[in-house]
Amino acid sequence: MNRETVIAEALDLLDEVGLDAVSTRRLAQRLGVEQPSLYWHFKNKKELLGAMAEAAMAPHATAALPAPEEDWREWFRENTRSFRRTLLLRRDGARLHAGSSPGAGDLDRIAHKMAFLVASGLPEREAGMAMLAAGRFTVGSVLEEQAEDGSAGPPPGIPPVDHDSAFEAGLNLIVEGLAHGAGRGEEPR
């Protein structure tokens, strides 16, 4: 049993039972080991959940970084969609990710993305705030979407939410707001 095996099994357990039911006791039973064996790899459940969150984000964390010639609006939209798709890959993916901190490799990727936006003509502060807003909007959107999974649906008289359309509408508001705010100076490319 190694760290990667523990994380993979923990993510499979998450998909089966949901975040509230993931415990080190259940994970140890699943792995056929005694619970203290897990503490060889993770000093506590919080550390395990952090490693699970990092591993769950791998599809987004390995996506191509923006190229200098890309249109920042299209890149921003696709980057945010990629984040959403990744969160939706796991049961309770948004809850698992919420409150996690970026790792060292993530910080390099974030710096590259920020440099791309600034090189595209966006003010650094606005670009940073838009990245933060888009991230939080995405986590919140997925959190609401995943909370509905398996529920009886909305109360009578309230139409169901089309999560894809709602997400795209919100994302467009963020992008267009950023473009408008940046347009007060020189027009970004």
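A: Let us begin with exposure, for which the cut-offs are these: a residue is buried under 20% relative accessible area, exposed over 50%, and partly exposed in between. The structure to which we apply them is a predicted model.

Q: Where does Ser100 lie, and is it buried, partly exposed or exposed?
A: Ser100 is found in the loop between H7 and helix H8, the latter spanning residues 104–119. Because its relative accessibility is 31%, Ser100 counts as partly exposed.

Q: How confident is the predictor in the protein chain?
A: The protein chain averages a pLDDT of 92, and 95% of the residues score at least 70. Among the elements, the lowest mean pLDDT, 91, belongs to helix H3 (residues 35–38), whereas helix H6 (residues 72–88) has the highest, at 98.

Q: Which residues have the most contacts inside the largest nonpolar core?
A: The general idea is that in soluble globular proteins, nonpolar side chains tend to be buried together. Here the largest nonpolar core has 19 residues, and those with the most contacts inside it are Val6, Leu11, Leu14, Leu27, Leu48, Met52 and Leu96. The elements that give two or more residues to this core are helix H1 (3–17), helix H2 (24–31) and helix H4 (45–56), with H1 giving the most, six residues. To follow one member, Val6 is in contact with Met1, Leu27, Leu31, Leu38, His41, Phe42 and Leu48, once its neighbours within four places in sequence are left aside. There is also a second, separate core of 18 residues, which includes Leu117, Ala130, Met131 and Phe167.

Q: At what angle do H6 and helix H9 pack?
A: Helix packing is read from the axes, the handedness of the crossing and the residues that meet. H6 and helix H9 (residues 124–148) pack at an angle of about 35 degrees, with their axes 10 Å apart, and their crossing is right-handed. The residues that H6 brings to this contact include Trp75, Phe76, Thr80 and Phe83, and those of H9 include Ala130, Met131, Ala134 and Thr138. The residues of the contact divide into ten nonpolar, five polar and two charged.

Q: How many nonpolar, polar and charged residues has the contact of H6 with H10?
A: H6 and helix H10 (residues 163–182) pack at an angle of about 140 degrees, and their axes are 10 Å apart; H6 passes H10 in a right-handed crossing. Among the residues making the contact are Trp72, Arg73, Phe76 and Arg77 of H6, together with His163, Asp164, Phe167 and Glu168 of H10. By class, the contact has eight nonpolar, three polar and seven charged residues.

Q: Is Thr138 buried or exposed, and which residues does Thr138 touch?
A: Thr138 lies in helix H9, and it is buried because its relative accessible area is 0%. Not counting residues up to four places away in sequence, Thr138 touches Thr80, Phe83, Arg84, Leu87 and Phe167. Thr138 and Thr80 are 58 residues apart in sequence and 7.3 Å apart in space, C-alpha to C-alpha.

Q: Why does Glu144 count as exposed?
A: Glu144 also lies in helix H9, but it counts as exposed because its relative accessible area is 54%, and the cut-off for exposed is over 50%. The C-alpha atoms of Glu144 and Leu13, which are 131 residues apart along the chain, are separated by 21 Å.

Q: What is phi of Asp92, and is Asp92 buried or exposed?
A: Phi of Asp92 is near 60 degrees, a positive value in a residue other than glycine. Asp92 lies in the loop between H6 and helix H7 (93–97), and it is buried, since its relative accessible area is 13%.

Methods
Residues numbered from 1 in each chain as written. Predicted model: local features only at pLDDT ≥ 70, side-chain atom pairs only at ≥ 80, totals over all residues. Heavy atoms only, no water. pLDDT = per-residue confidence, 0-100. Helix = DSSP H or I, 4+ residues; strand = E, 2+ residues; numbered from the N terminus. Core = buried A, V, L, I, M, F, W, Y, C linked by side-chain atoms within 4.5 Å. Buried < 20%, exposed > 50% of the residue type's maximum accessible area, 1.4 Å probe, protein only. Contact = heavy atoms within 4.5 Å. Axes fitted to C-alpha atoms, helices over the stretch in contact; angles between N-to-C directions. Left-handed = near helix turned anticlockwise from the far one by under 90°. Nonpolar A, V, L, I, M, F, W, Y, C, P; charged D, E, K, R; others polar.
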